[in-house]
Amino acid sequence: LKGTQHQDGDLSPRRLAELTQALEAAELEHILIRVPLFATLRDDEVATLARSMHATELRDGDYVYRQGDSASDFYMILE
């Protein structure tokens, strides 16, 4: 692939970030298709949803939301 590697054979930081993002989206798609809420989505819809998501790690005791908070995001909790 022209323009994706440095002279030493390593992937460029940009290409590495693109590949990492694609891998994360593929992993999310695999998870999403097993969730009943998303079972009726077409493959392209699942792919779009996966590309719009990102992982967030929480520690024990962290809150996603507290009662009465307004929500601006959707969280899917995986254990």
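Predicted model: local features only at pLDDT ≥ 70, side-chain atom pairs only at ≥ 80, totals over all residues.
Entry 1: I looked up how α1 and α2 sit against each other. Two packed helices are described by the angle between their axes and the distance between the axes. Helix α1 covers residues 13-32 and helix α2 covers residues 43-52. I found that their axes come within 8 Å and cross at roughly 125 degrees. I noted the crossing as right-handed.

**Entry 2: the contact.** Which residues of α1 meet α2? From α1 I listed Ala25, Leu28, Glu29 and Leu32. Their partners in α2 are Val46, Ala47, Leu49, Ala50 and Arg51. By class, this contact has 7 nonpolar and 2 charged residues, and no polar ones.

**Entry 3: the largest pocket.** I then searched for open space. Rolling a probe the size of a water molecule over the atoms shows where empty space is left. The largest pocket holds about 980 Å³. I counted 26 residues in its lining. Met53, His54, Ala55, Thr56 and Met76 lie nearest its centre.

**Entry 4: the lining.** Which helix gives the most to the lining of the largest pocket? I found that α1 does, with 7 residues. Helix α2 also supplies at least two residues. I sorted the lining into 16 nonpolar, 4 polar and 6 charged residues.

Note on methods. Residues numbered from 1 in each chain as written. Heavy atoms only, no water. Axes fitted to C-alpha atoms, helices over the stretch in contact; angles between N-to-C directions. Helix = DSSP H or I, 4+ residues; strand = E, 2+ residues; numbered from the N terminus. Left-handed = near helix turned anticlockwise from the far one by under 90°. Contact = heavy atoms within 4.5 Å. Nonpolar A, V, L, I, M, F, W, Y, C, P; charged D, E, K, R; others polar. 1 Å grid on protein atoms, 1.4 Å probe; cavity = no way out; pocket = protein on both sides within 12 Å on 5 of 7 lines; lining within 4 Å. Points joined across faces, edges and corners; volume = space filled by probe spheres on them.
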